[in-house]
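Visitor: I have a structure to look at before class. Could you take me through it?

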Amino acid sequence: MILINQKMILHTQLRRVLYTLTASFAFFLFTIITTHAQVNVCATTSLVADLVNRIGGKHVHVHSLMGPGVDPHLYKATASDVTELNRCQIIFYNGLHLEGRMTDIFENLAKKGKTVIAVSDSIPKENLIKIPGAQDQFDPHIWFDPLLWQKCADVVRDSFSKADPSHEAAYTLNAHQVQTEIQDLFKWGKSLAQSLSPSKRILVTSHDAYNYFGKAFDFTVIGVQGVSTTSEAGLADIVSIIDFIKKNDIHAIFVESSVPHATIERISHDSGSKIGGELFSDALGAQNDIRQVGNQKFNVGTYSGMFKYNMATIIESLK
Ligand SMILES: [Zn+2]
């Protein structure tokens with residue numbers, strides 16, 4: 001009897017070990033399969049990467065080319081970027097010449113049959129702001145009108161659904177959630193902007209990144225450097241901006257996280273207008289970078305957090 005019992009115990013232990021091994025192996029296989037099933041995508045700016053990540057969720061792996069503080073107007077792809085771009089199944093970029101020095105690379109990749117998507121293609125031309133004096137060129141800083149930016153979710157959702165139809169329902173749900181969140185962000189921004197008297201709604205920044213913001217939230221917007229940072233501000237421009245600041249009694253002007261601060265600092269010194277803070281323009285902050293305005297905290301590593309931080313900084317400094 002004792003022998004039988006010992007045999008039974010041994011048998012039970014062996015079964016447990018085998019069961020544990022089988023379960024571990026199944027989990028290992030599941031991990032490999034699910035990891036491999038992810039759609040591998042590239043995104044240029046941190047703003048595009050944030051949108052793509054939110055819609056793709058766990059079904060995609062997003063490689064972002066430009067990190068915090070990087071100026072997309074001046075960015076040139078590195079050798080490792082080109083390797084990564086060739087490896088990615090889909091490439092998402094902003095378009096409208098924001099990534100002005102990467103156009104040739106995108107065209108070559110598209111010719112080779114790679115799926116290359118400009119998220120700004122979702123926006124009807126009549127909603128875009130034309131660049132004065134430039135034929136058929138549009139301002140690329142579309143993310144500063146949340147109602148335009150949420151439209152860009154459409155092309156991201158459709159691209160994922162086409163590349164990975166088995167998860168179409170998840171992409172559709174994620175896109176809907178993101179779009180609702182951004183529409184709410186617009187309403188929040190609108191009511192905060194309206195708390196500032198119209199005469200104080202004048203935004204002076206390093207470069208013309210805020211034209212869509214101005215249109216959406218009724219601000220007069222002055223960018224020292226124009227729509228792209230590729231050309232420097234002229235002396236005459238600087239003198240006329242200083243005059244404008246004095247004439248309109250503007251309390252604060254703003255530096256940007258992805259543009260050198262020197263010109264705005266000089267204008268601040270010569271006009272007597274204080275620097276109201278550092279706004280995010282063409283790049284998000286680092287992941288989980290928390291910034292405070294008054295007693296409110298914002299995660300500027302996300303689109304919503306960055307937008308709210310900018311808006312709160314502007315209102316707080318200009319009121
Ligand atoms: Zn810009």
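Guide: The conversation below covers a metal site, a disulfide, a pair of strands and some salt bridges, all in a predicted model.

Visitor: Let us start with the metal. Which residues coordinate the zinc ion?

Guide: The zinc ion is held by H73, H141 and H207, each through NE2, and by D282 through OD, at 1.9 to 2.1 Å.

Visitor: What arrangement do the 4 donor atoms make around the zinc ion?

Guide: The arrangement is tetrahedral, because the angles that the 4 donor atoms subtend run from 95 to 125 degrees. For comparison, the ideal angle for four tetrahedral donors is 109.5 degrees.

Visitor: How are the donor residues spaced in sequence?

Guide: Their spacing reads H-x67-H-x65-H-x74-D. H73 is in the loop between β2 and α3, while D282 is in the loop between β8 and β9, so this pair ties together parts that lie 209 residues apart in sequence.

Visitor: Are H73 and D282 buried or exposed?

Guide: Both H73 and D282 are buried.

Visitor: New topic. How many disulfides are there in the whole structure?

Guide: A search of the whole structure finds 1. It joins C42 and C88, with the sulfur atoms 2.2 Å apart. C42 belongs to strand β1 and C88 to the loop between α3 and β3, 46 residues away, so to speak of the pair is to speak of distant parts of the chain.

Visitor: Why is the disulfide called right-handed?

Guide: The torsion about the S-S bond is about 70 degrees, and therefore the disulfide of C42 and C88 is right-handed. C42 is buried at a relative accessible area of 0%, and C88 is buried at 1%.

Visitor: You mentioned strand β1. In which sense does it pair with strand β2?

Guide: β1 (residues 39–43) and β2 (residues 60–64) pair in the parallel sense over 5 bridges. Between them the chain passes through helix α2, residues 46–56, in a right-handed β-α-β crossover.

Visitor: And the salt bridges, how many does the structure hold?

Guide: The structure holds 10 salt bridges. One of them joins E181 and R54, whose closest N and O atoms are 2.9 Å apart. This pair links helix α7 with helix α2, 127 residues apart.

Visitor: How far apart in helix α3 are E84 and R87?

Guide: They are 3 residues apart, about one turn of the helix, and their side chains meet in a salt bridge at 3.6 Å, N to O. E84 is buried, with a relative accessible area of 16%, whereas R87 is exposed at 54%.

Notes
Residues numbered from 1 in each chain as written. Predicted model: local features only at pLDDT ≥ 70, side-chain atom pairs only at ≥ 80, totals over all residues. Heavy atoms only, no water. Pairing = 2+ DSSP bridges. Helix = DSSP H or I, 4+ residues; strand = E, 2+ residues; numbered from the N terminus. Right-handed = clockwise from strand over helix to strand, strands pointing away. Disulfide = S-S within 2.5 Å. Buried < 20%, exposed > 50% of the residue type's maximum accessible area, 1.4 Å probe, protein only. Donors = N, O, S within 2.8 Å, 3.2 Å for Na, K, Ca; no water. Tetrahedral: all angles 85-135°; square planar, octahedral: opposite > 155°, others 65-115°. Salt bridge = Lys/Arg side-chain N within 4 Å of Asp/Glu carboxyl O.
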